[in-house]
Amino acid sequence: MNDINNKLIDSFGRKIDYIRVSVTKNCNFRCKYCMPNTPPYIEETLIPLPKMLEFLKIAMDLGIKKIRLTGGEPLLRSDLSGFIKGIYDYKSGIEVALTTNGFLLEKYIKDLSKTGLKRINVSLDSLKKETIIKISKRDALDSILNGLNLTKEYGLKIKLNMVPLRGINDDEIIPMLDFALSEGYLLRYIEYMDNSFAFKGLKGFRGDELLKIISTKYSFKPIKKRHFGPANMYELLDSSKAFGIIAPHSHSFCEGCNRIRLTSDGIICPCLYFEDAIDISSAILNDDKIAMKEALIKAVFNKPEKNKWGENETSSRAFYHTGG
Ligand code: SAM
Ligand code: SF4
């Protein structure tokens, strides 16, 4: 479907062609910045993935071109590969992406590689076993690294996401980039976003602070944005390799925002830091195509111009619910 057919335009003229879909709130990690104190299992009413697929077909017909699957930990949905294949079977030109903590890639990468999926984002905050345990409460490093190697062997592209935290993994800001460059992965640093579910007192880094640290080893220049994405990209001067910084504290983040979110329980959130949301679970469960279509158009139209996140505010919405 080409652009002029996109029906998802918000009241500020931004075209929405990207949906992030959280397929579960649950997770096998307990990251300090995300859900350190939640119980081992969170009760949730999951939308069955075949029903969610029907909603996504409508979204694709209206102009969605990119779908990111996230969570919680999306690979906890054991039928995820079939779901991804269903998306590609409906529209082969669609871009599907997956954000995972990587722990279950060893188990699922073979199935995932047969779906049409071309790239995977893996959240990796450290290359030290003890630091991974400290951040995620899981002895996960070996499984993640093994999953990364297998993913590469199966020919999928890999992006790494790192959330640098003061006093926890800030000694690895450069080693993580060394690692990503040597393995052929694209590293993106994410500014820590405060939220009421995170471990109290965590302190992250702003983008400019990260650039200063990286400049002690690498020379780089910003890459002009060809299209808006969440990351500011930088190219290393001695190679064509790059890294990125996701800086949601900057307001330019909102200017070109092209995304909307669907939670695992069927709520459409027009913005991560905005309380309004539309519950379309009954429309999805009843396969009410008209109601799904109307709700999606309405949610897009109501997207706020900027996130409602002041410098010193936290988000009351859990990232493991909205998908980060
Ligand atoms: N479980 C998967 C994972 O960790 O990749 C997907 C869901 S997770 C909520 C999605 C992304 O959000 C991860 O890259 C994670 O690092 C990031 N994230 C979670 N909480 C965050 C926070 N408070 N600040 C910045 N990034 C955060
Ligand atoms: Fe789980 Fe991802 Fe949250 Fe970590 S960031 S607790 S892996 S959902």
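These legends cover close-up views of a predicted model. Local features need pLDDT of at least 70, side-chain atom pairs count only at pLDDT 80 or more, and totals for chains, interfaces and linings use all residues. Residues are numbered from 1 along each chain as its sequence is written, chains are lettered from A and ligands numbered from 1 in the order written, and side-chain values use heavy atoms, without hydrogens or water.

**View 1. Helix H4 and its buried face.** Helix H4 spans residues 129–136, and its buried residues are Thr131, Ile132, Ile135 and Ser136. Seen down the axis of H4, they fall within an arc of 110 degrees, so they line one face of the helix. The arc is that of the directions from the helix axis to the C-beta atoms. Buried means under 20% relative accessible area, exposed over 50%, partly exposed in between (1.4 Å probe, protein chains only). Helices (H or I, at least four residues) and strands (E, at least two) are DSSP runs, numbered from the N terminus. The buried residues of H4 pack against helix H5 (141–153); contact means heavy atoms within 4.5 Å. Just after H4, lysine 137 takes a positive phi of about 60 degrees.

**View 2. Phenylalanine 29 and phenylalanine 103.** The structure holds seven aromatic pairs. In this one the ring centres are 5.9 Å apart and the planes at 70 degrees, so the pair is edge-to-face. Rings of Phe, Tyr and Trp (its six-membered ring) pair if their centres lie within 6.5 Å; planes under 30 degrees apart count as stacked, over 60 as edge-to-face and the rest as tilted. Phenylalanine 29 lies in the loop between strand S1 (18–22) and helix H1 (49–62). Phenylalanine 103 lies in the loop between strand S3 (95–100) and helix H3 (105–113), 74 residues apart from its partner. Both residues are buried.

**View 3. Tyrosine 189 and phenylalanine 243.** This aromatic pair is edge-to-face, 6.2 Å centre to centre, with 80 degrees between the planes. Tyrosine 189 lies in strand S6 (residues 186–190) and phenylalanine 243 in strand S9 (residues 242–246), so the pair ties together parts 54 residues apart in sequence. Both are buried. Tyr189, Phe220, Tyr234 and Phe243 form one aromatic cluster.

**View 4. Surroundings of ligand 1.** Ligand 1 is surrounded by 19 residues; the closest are Tyr33, Gly72, Ser123, Met193 and Asn195. Near means a heavy atom of the residue within 4 Å. A nitrogen atom of ligand 1 lies 2.9 Å from a backbone N or O atom of tyrosine 33. An oxygen atom of ligand 1 is 3.2 Å from a polar backbone atom of threonine 100.

Key. A polar contact is a pair of N or O atoms within 3.5 Å; within protein, one must be able to donate a hydrogen and the other to accept it, and residues adjacent in sequence count only if both atoms are side-chain atoms.
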